[in-house]
Amino acid sequence: MAWSGASVLEAYWLLLKGALGSGFALSETFARATPLIFTGLAAAIAFKSRFWNIGAEGQLYAGALIITVLGTGMLDLHPGLMIPILVVSSAVAGALMLLGPVLLKINFGVDEVVTTLLLNFIVLLLVSLLLEGPLKDPMGLGWPQAEPVTEAAELPRLFRGLRLHSGLLLALLFSFIFWIVSIRTTLGYEMRAVGFNQKAARFAGMPVKRVMIITALISGGIAGIAGFSEVAGMKGNLTLDLSPGFGYTGIVVAMLAQLHPLGVIISASFVASIFVGADAMSRSAGVPSYIADVMVSVSLLCMLVSVLLVRFRIRWS
Amino acid sequence: MRNVVKRSEIDISEKQAAAEVVLRLRGITKVFGSLVANDDINLELKSGEVLALLGENGAGKTTLMNILFGHYVADSGSIEVFGHPIPQGSPHAAIELGIGMVHQHFTLADNLSVLDNVMLGTEPLWSLSSNRRASRIRLEKLGERFGLQVNPNVRVAELSIGERQRVEILKALYRNARILILDEPTAVLTPQETGTFFETLKKMVSGGLSLIFISHKMQEVLAISDRVVVLRDGRLVAEIKTADASETELAQAMVGRNIELPERKALKAGESVLKLKSVTVKAEDGRAALSSVSLDIRASEIVGIAGVSGNGQTAIADLISGLFEPQSGTMELHGEVVNNFTPRNMLRKKVGRIPEDRHSQGLIGDMTLAENSISECYREPQFSSYGWQNHLNRQRFAENVVSKFDVRGYSANSPVRLLSGGNMQKLILGRVLSGNPQLILANQPGRGLDVGAVAYVHEQLLVARAKGAAILLISEDLEELLQISDRIAVIHRGRLSETFPRESISIAQLGLLMTGQQKSSTTNNQSTEADAS
């Protein structure tokens, strides 16, 4: 920051103000946190079972794509029916994206990091193709964007005039549900066992393959819902810049939360506040907003190092 | 190389003064958190002496030797070698001063030749040529001198376990070790190999080396050492001349209380529970094959399987655990052929399984005692209804297991990884026996446990036997097998021998079978081998 000529303290103050200093700032921060909670949760669920889903970005776009197909006029129902249907269909789209990788992994040992990562590019290119072709909005002045979703498909705003939408409530709900699933249910028990020690889980007679498939489907599904939430709540239509890497940032969010479903809410808010605040800071202080990436990376490193140190103490004591 | 010359000079002067103290530890104390691993330990090693370091697991033997070898730094105390104080925390300095260590788990590179393994690290990295011929000659001379012949050109992967141990020792000798620390060296050897190994040790001692021999097997300690030092809970509790020591005395010093060996009642075996009929399994992922294995275990009977590790024990255990199915042959439980080889089906058929590896297979370290205690029955209605886990019942069940099987140290809600090996085994035992199994597979149930814990495990197995369970005990420890088995079979290269009633077979005979020789040819070797073991 000093290099770009701004006073460091002032820049931080601007960042903080830009992120949390007003109703508008808070709205922006939580609007930004919403997709991050979804993708962070998706990563946390998968990673907890040692399934390295790097493809939340692709799953997000897959969810968004299905919303665009269904929500721009194909279905016309009452919002009370329309929104649940869209949530489910975006989840199914995201989950299907992971079905291939997980089956390849458990049957042939194909590394899911490679398959899920590569699927991101495939989906993105597919979206790009469709936005230039069949899904292109005739009223879009030639921009590669789809038609906006119908009013019934829109997620209602939480406050008049602010961009914060009810997708946030959906995200909080899912975090909470998954937390309960994880600690109280038999499925959650199996998922944790498989994640911590697959060999012992298999030895104890747990259906390891089935648990892995279910985990992958849930993870993909939640990432797919992120796509729905962005299209129906934030942007209104599918564009190529729908997600500035939410899928990848979700991995950071999950790691910062130590894969805890409720921790994801906090870490997503934290990461979002830094990004939103950094944008505000760059506008007023002229510090490049890339500083946000630096800050997030540094906090992730601090987190990883401290986790490592905690482990060490346990081992040596 | 300058050091070599120097040390051979020391060599000569040493022989002149035979009883010289070569190693002296003074007031060594090491604390890990709240655990005092070593508490003010004083130790002397004389030239040409075999000092046995005896103690249960966790008594502080390994910590002490790691301090000596420079892996750890002691909190206080000093170490002198040949009268020179050695800087702590530097394995390099320890090697320079002539301390060699042979670890329990070999530190050899499998894909390199014996010569390369020995030379590794002895030459400067930046020298362009390496003097292999001189090294080979030196290695062969060392081998001849101490009876440690190994072909230097063979890859380590092709050597037997006994030969690999020789390479480990040669590695230390090649670095001019004058004091050799042997950490549980016989754990991996057959009784016969142990016999030749002890011959080697005697040659090394007469060649001027001093040895520290770490073990928890009393017979071996009595057979090979001059002096015994017993550690318990980090303290040095006894120091006895071997000639004056008795097994019971040492055992008591080691454990600090009287150990009651579990009583083994004679029982009449019941109906057949497990029947293997010419089971054949192909080798896969490092697992040895089984060829045409047949076995019959009846109720109220313990059948032991002896063998050097890696001869197919894992395959038998995995088969009965339900981890894979045989290529041919059948397995019958209570006269019914098993078609569905899955862990869950085995559990359903009341097969209790105590796995070989507690950490990787038996328990999930990051989950709690309670969660681990139900890992084989978490789907039963008392723990799971409509997909929800019943935490209350789980807690009750776990507390019951913990108190009944004497799992100590942590509450039911602590992660299992904090438990000691013995308590982990008790937890597994509790989990297995709570299911009232009719067949129990106990794969190396006493491995790595201290005397007290082993006695407890044996006692529980005998109780299960008295209740009518059939037990298959797989072990590399012949004493364990002879102690509690009714019949014993030996596995070698995937072939299982017939079973012998334990009264009619000796350790020496088992040892020969373990190396693949037939029982009939044992008579003439028997007496010498029995001495050695």
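**Entry 1: where the chains meet**

I began with the contact (heavy atoms within 4.5 Å), which takes 25 residues from chain A and 31 residues from chain B. This is a predicted model, so I kept its limits in mind: local features need pLDDT of at least 70, side-chain atom pairs count only at pLDDT 80 or more, and totals for chains, interfaces and linings use all residues. For my own bookkeeping, residues are numbered from 1 along each chain as its sequence is written, chains are lettered from A and ligands numbered from 1 in the order in which they are written, and side-chain values use heavy atoms, with hydrogens and water left out.

Next I looked up the buried area, meaning the accessible area (1.4 Å probe) that two parts lose on being put together, summed over both. Chain A and chain B bury about 2500 Å² between them, and carbon and sulfur atoms carry 57% of it. On the chain A side, the residues that lose the most area to chain B are Arg184(A), Tyr189(A) and Phe203(A), together 30% of what that side buries.

**Entry 2: charges and polar pairs across the interface**

How many salt bridges cross between chain A and chain B? I find 2 salt bridges there, taking a side-chain nitrogen of Lys or Arg within 4 Å of a carboxyl oxygen of Asp or Glu. Over all chains, a search of the whole structure gives 27 salt bridges.

Side chains of opposite charge can pair when their charged atoms come close. I noted Arg379(B) and Glu190(A), whose side chains meet in a salt bridge at 2.8 Å, N to O. Arg379(B) sits in the loop between helix H13 (369-373) and strand S17 (384-385) of chain B, while Glu190(A) is in helix H7 of chain A, so this pair joins two chains. (Helices, H or I of at least four residues, and strands, E of at least two, are DSSP runs numbered from the N terminus.) I also noted Glu371(B) with Arg192(A), where the closest N and O atoms of the salt bridge are 2.7 Å apart.

Then I checked polar contacts: a pair of N or O atoms within 3.5 Å, where within protein one must be able to donate a hydrogen and the other to accept it, and residues adjacent in sequence count only if both atoms are side-chain atoms. The interface of chain A and chain B has 18 residue pairs in polar contact, both residues at pLDDT 80 or more. Helices H6 (167-184), H7 (186-196), H8 (198-203) and H12 (291-316) of chain A each give two or more residues to the side that touches chain B. H7(A) provides the largest share of that side, 7 residues.

**Entry 3: two domains in chain B**

Chain B is divided into domain 1 (20-255) and domain 2 (272-359 + 437-532), with bounds from an automatic or database domain assignment. I find their C-alpha centres 33 Å apart. In the contact, 10 residues of domain 1 of chain B meet 16 residues of domain 2 of chain B. The two domains of chain B bury about 1100 Å² between them, with 60% from carbon and sulfur atoms.

What is the count of salt bridges between domain 1 and domain 2 of chain B? The count is 0 salt bridges, and the rule also finds 0 residue pairs in polar contact across that interface, both at pLDDT 80 or more. Helix H7 (191-206) and helix H9 (247-255) of chain B each supply at least two residues of the domain 1 side. H7(B) gives the largest share of that side, 4 residues.

**Entry 4: the sheet S12-S11-S14-S15**

I traced an open sheet of 4 strands in chain B, in the order S12-S11-S14-S15 with antiparallel pairing; strands pair if DSSP finds at least two bridges between them. Strand S12 (290-298) and strand S15 (336-337) of chain B are at the edges with a single partner strand each, so one side of each has no neighbour in the sheet.

- S11(B) and S12(B) pair over 6 bridges, and Ser272(B) stands opposite Arg298(B) in S12(B).
- S11(B) and S14(B) pair over 5 bridges, and Lys275(B) has Glu332(B) in S14(B) as its bridge partner.
- Strand S14 (328-333) of chain B pairs with S15(B) over 2 bridges, and Leu333(B) has Glu336(B) as its bridge partner in S15(B).

Helix H10 (313-321) of chain B lies across strand S11 (272-281), S12 and S14 of chain B, at about 120 degrees to S11(B). Axes here are lines fitted to C-alpha atoms, for helices over the stretch in contact, and angles run from 0 to 180 degrees between N-to-C directions.
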